[in-house]
Amino acid sequence: MEQNFLQKLQKIFLSLIIILVPFIWLPQKFYFSSIGPNAISYVLLISLLFFIYEYYKYGFKINKTIFYFFIIYTSSQIISLLQGLIIYPYYDLIDISQLTKLQYLSDKFNISFNNNITIAIWLFIRESKNIILNSFYFCFIPLLFLYLFGNDRQQGFSFVRKSILVLISLLCIYSVPEILYLKCNNQIAANILKFINPFLYDVSSAHGWWPPLLWDYNGGQLRSLCPEPSFFCIIAALGIPFLLNTIYKNFSFKYIFLFLLFVFMLFMSKSRTGMVLFLIEIFIFISFLLYNFNKKNLLFIVFLLFSISFSMLLNLSIPNKIPNKLKQENKKENLITYIDDNLMSTVKTDVRTNNTRFANIVTMAKVGLSKPIFGVGTHLKDAYMIENIPEFAKKDKETKLWIKKFKKEGLKSNFPALNQYVFVFAENGIIGLIIFILPIIYIIYLIYKNSFLLKSFDFITILIVFIGQLFAMLGHDYLMTYPISLGLIYFYLNSYSESKNEN
């Protein structure tokens, strides 16, 4: 195969990586257990094979910074896992039935695998494989940006923007029947969703209820192609800055309509994560426009505020009409109640899932503090968490469900990560956390060296996306949106450094 053809193929793969971001929980019949349910994983692995083939046949320069980081990032997690297995005090909670493949070998060859050393060796092999794969996913996306676009910032930015517009369009198309169901209780739309959703994820496959066939909780929330509303909002934080960038450069009706519909969907999600991320990104956008004040920027600010207000009021003027599962009286929403329920509620510990989230984060922090240097090891946090749950959380319904599931299924069930930074600290300690945030520190350093870029509208768009993903990890583990944003901003900044070196 010619090198030009290979690179065109890799651009298709990169575009698919962006477009397939919502498909993170594929039904079990569609994925291999050794790779996982995230659709992007398969695209990345295929892309890697072509990458290796091209490198072997044609040879090209690989970014040393990313390569060295991959080695350090992977090695630190494997070391953390090794020491975690050595000191692990809960082997009595692990049954061979929880390790499906080990049980298969035991049954097939009639070998007894009951001692702790055998289980530890098996877990080390299995989790080391997962660490290498996850580290590869994390590092290969930034590498693809540099490999495909080199120093051509405009081509790279335009390519990502087009892919994100396709992603946004797909999210909007799917959500047409979702909007009809939530706003009108249209049963034809509900039947369409019931037909499609089992092809997107295994319904009620986690914790006995998640993800539900239809998201009827909290009076109905929009989630689009994603398993839950917060996932949709994290993806929206990736897409909205690029959509605004497109409108700023090309003030056409189709992009304005797409923005109005997408923001309307965002308000329908009723996600506190979404509201906070949206406000942060819009605040930075307006601050940039005011800092570089001119007539065009003033008009764009007016358009932006009007569009957001219109989408918000449209959402409030058409209340959801689906039956309330809790058999409670549907509360009529106005602007004040919406803000109180979906924005101000983020700082109230006794509202919605806040108590559960706070308990989860506090517990993980306590687990990390119990082994602060290397953490407790990858995928070994859950038994520690049961021992560290604070008193105020022991009566929480969701927390009790997590405990019950873990005691019944062991390593097949786990506590979700509701803060990426605390999650890394718990599993890999302060060393792992420092290594995880090293790319963020390096990006800040590169921005400082190239501060003139803060006057560029394209760079500000990328920076807002990156900041949005950093904030998203405060309330969630990272989605592939973070490596995409990291890869894009690193590519953009690195291209200037490379240009300076060449000159």
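Is R126 buried, partly exposed or exposed at 23% relative accessibility? R126 counts as partly exposed at that value, where buried means under 20% relative accessible area, exposed over 50%, and partly exposed in between (1.4 Å probe, protein chains only).

The model is predicted, so local features need pLDDT of at least 70 and side-chain atom pairs count only at pLDDT 80 or more, while totals for chains, interfaces and linings use all residues. Residues are numbered from 1 along each chain as its sequence is written, and side-chain values use heavy atoms, with hydrogens and water left out.

**Salt bridges**

Side chains of opposite charge can pair when their charged atoms come close. A salt bridge here is a side-chain nitrogen of Lys or Arg within 4 Å of a carboxyl oxygen of Asp or Glu. The count by this rule is three salt bridges.

| Pair | N to O distance |
|---|---|
| R126 and E127 | 3.0 Å |
| K249 and D458 | 2.5 Å |
| K381 and D382 | 3.2 Å |

The partner of R126 in its salt bridge is E127, and E127 is buried at 6% relative accessibility. In the pair of K249 and D458, D458 belongs to helix α17 (residues 457-472) and K249 to helix α8 (residues 229-249). This pair links distant parts of the chain, 209 residues apart. Helices such as these are DSSP runs (H or I, at least four residues), numbered from the N terminus. D458 is buried, at 7% relative accessibility, whereas K249 is partly exposed with a relative accessible area of 44%. In the salt bridge of K381 with D382, K381 is buried at 3% relative accessibility, and D382 is buried with a relative accessible area of 1%.

**Packing of α1 and α2**

Two packed helices are described by the angle between their axes and the distance between the axes. Helix α1 (residues 3-19) packs with helix α2 (residues 39-57) at an angle of about 160°, and their axes are 10 Å apart. The axes are lines fitted to C-alpha atoms over the stretch in contact, with angles from 0 to 180 degrees between N-to-C directions. The two helices are therefore roughly antiparallel to each other, the word used for angles over 145 degrees. The crossing of α1 past α2 is left-handed, meaning that the near helix is turned anticlockwise from the far one by less than a right angle.

Contact means heavy atoms within 4.5 Å. On the α1 side, the residues that meet α2 are Q3, L6, Q7, L9, Q10, F13, L16 and I17. Their counterparts in α2 are I40, V43, L44, I46, S47, F50, F51, Y53 and E54. By class, this contact has twelve nonpolar, four polar and one charged residues. Ala, Val, Leu, Ile, Met, Phe, Trp, Tyr, Cys and Pro count as nonpolar, Asp, Glu, Lys and Arg as charged, and the others, Gly among them, as polar.

**Single residues**

Most residues other than glycine have a negative phi. S204, which is not a glycine, has a positive phi near 55°. S204 sits in the loop between α7 (187-196) and α8 and is partly exposed at 36% relative accessibility. N218 also lies in the loop between α7 and α8, and its phi is positive, about 55°, although N218 is not a glycine. The relative accessible area of N218 is 37%, so N218 is partly exposed.

V362 is part of helix α13 (residues 354-370) and is partly exposed, with a relative accessible area of 22%. V362 and M385 are 23 residues apart in sequence, and their C-alpha atoms are 9.7 Å apart in space.

Terms used. Parallel < 35°, antiparallel > 145°, perpendicular 65-115°, else oblique.
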